[in-house]
Amino acid sequence: MEENDKKLTNGWLIAGGIVIVGAILNPFIIMALSKTNFTVTEIDELGTVGDFFGGTTVGLLSLASILFVIHTIAIQSKELALQRKELSLTREEFKTGNLTAKVQQIDNAFFSIIIKLLIIFKLSHTEIHFQGERRFQY
C-alpha cells in the first residue's frame, strides 16, 4: 500500500511538471500552427503579444500550481500518519515506563522497611545471623 501511495504522490509531481512544460511550449505551438507572423515592429504591438503569452500560459501555470498543492497535501498526510503511529508507540512506552516505576517504588519501599528493621534490631543489640534459608535468627 505504501508503494501505491508513493506512486500516487510522484504522479502528481510529474503531472505538475508536464503541465509547466506544456505552458511554456503552448504559445510557441500556437504560433507555429497558426502560421501568422508575430513580429514586434512597434511598441504598441508589444502589449498584444504579452497578452497572448499571458493568456495562453497563465491557466496552465495555475493548473500546475494546483497539482503541486495536491502533491504537497498527499506528502503531508503521509507524514501525519507516521506521526500518529509514532505517538501511539510513544504512549505505549510511557505506559511501560509507568509500570516499571511503580514496581521500583514498591521495591524501594520494601527494602527501605527491611533496612529500618535491621537498624532496629542492631539498636536493640540483637545479633542477626544469615544462614541458608533462614534469613533472620535471633
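In this predicted model, the side chains of K95 and E92 meet in a salt bridge, with a distance of 3.8 Å from N to O. The structure holds one salt bridge, and the pairing of K95 with E92 falls within helix α2, where the two residues are three apart and therefore separated by about one helical turn.

**The salt bridge**

- Side chains of opposite charge can pair when their charged atoms come close.
- For K95 and E92 the N to O distance is 3.8 Å, which lies within the 4 Å limit used for a salt bridge and is why the pair is counted as one.
- Both partners are partly exposed, since K95 has a relative accessible area of 47% and E92 has a relative accessibility of 45%.

**Overall architecture and surface**

- The protein chain contains two helices and zero strands; helix α1 covers residues 2-34, and helix α2 covers residues 43-123.
- Of the contacts in the protein chain with a separation of 6 or more, 63% are accounted for by residues 24 or more positions apart.
- Among the 138 residues of the protein chain, 9% count as buried.
- The accessible surface of the chain comes to about 11,500 Å², and carbon and sulfur atoms contribute 66% of that area.

- Once the neighbours within four places in sequence are left aside, H71 is in contact with T9, N10, W12 and L13.

**Nonpolar patch**

- V21, I24, L25, F28, I29 and L33 make a nonpolar surface patch of about 600 Å².

**Aromatic pair**

- The structure holds one aromatic pair, formed by F110 and F111, whose ring centres are 5.2 Å apart and whose planes stand at 75 degrees, so the arrangement is edge-to-face.
- Within this pair, F110 is partly exposed, with a relative accessible area of 49%.

Note on methods:
Residues numbered from 1 in each chain as written. Predicted model: local features only at pLDDT ≥ 70, side-chain atom pairs only at ≥ 80, totals over all residues. Heavy atoms only, no water. Helix = DSSP H or I, 4+ residues; strand = E, 2+ residues; numbered from the N terminus. Contact = heavy atoms within 4.5 Å. Buried < 20%, exposed > 50% of the residue type's maximum accessible area, 1.4 Å probe, protein only. Areas by Shrake-Rupley, 256 points an atom, 1.4 Å probe, with all protein chains shown as cover. Patch = residues over 30% accessible without salt bridge, like charges linked within 9 Å, V, L, I, M, F, W, Y side chains within 5 Å. Phe/Tyr/Trp six-rings, centres within 6.5 Å; stacked < 30°, edge-to-face > 60°.
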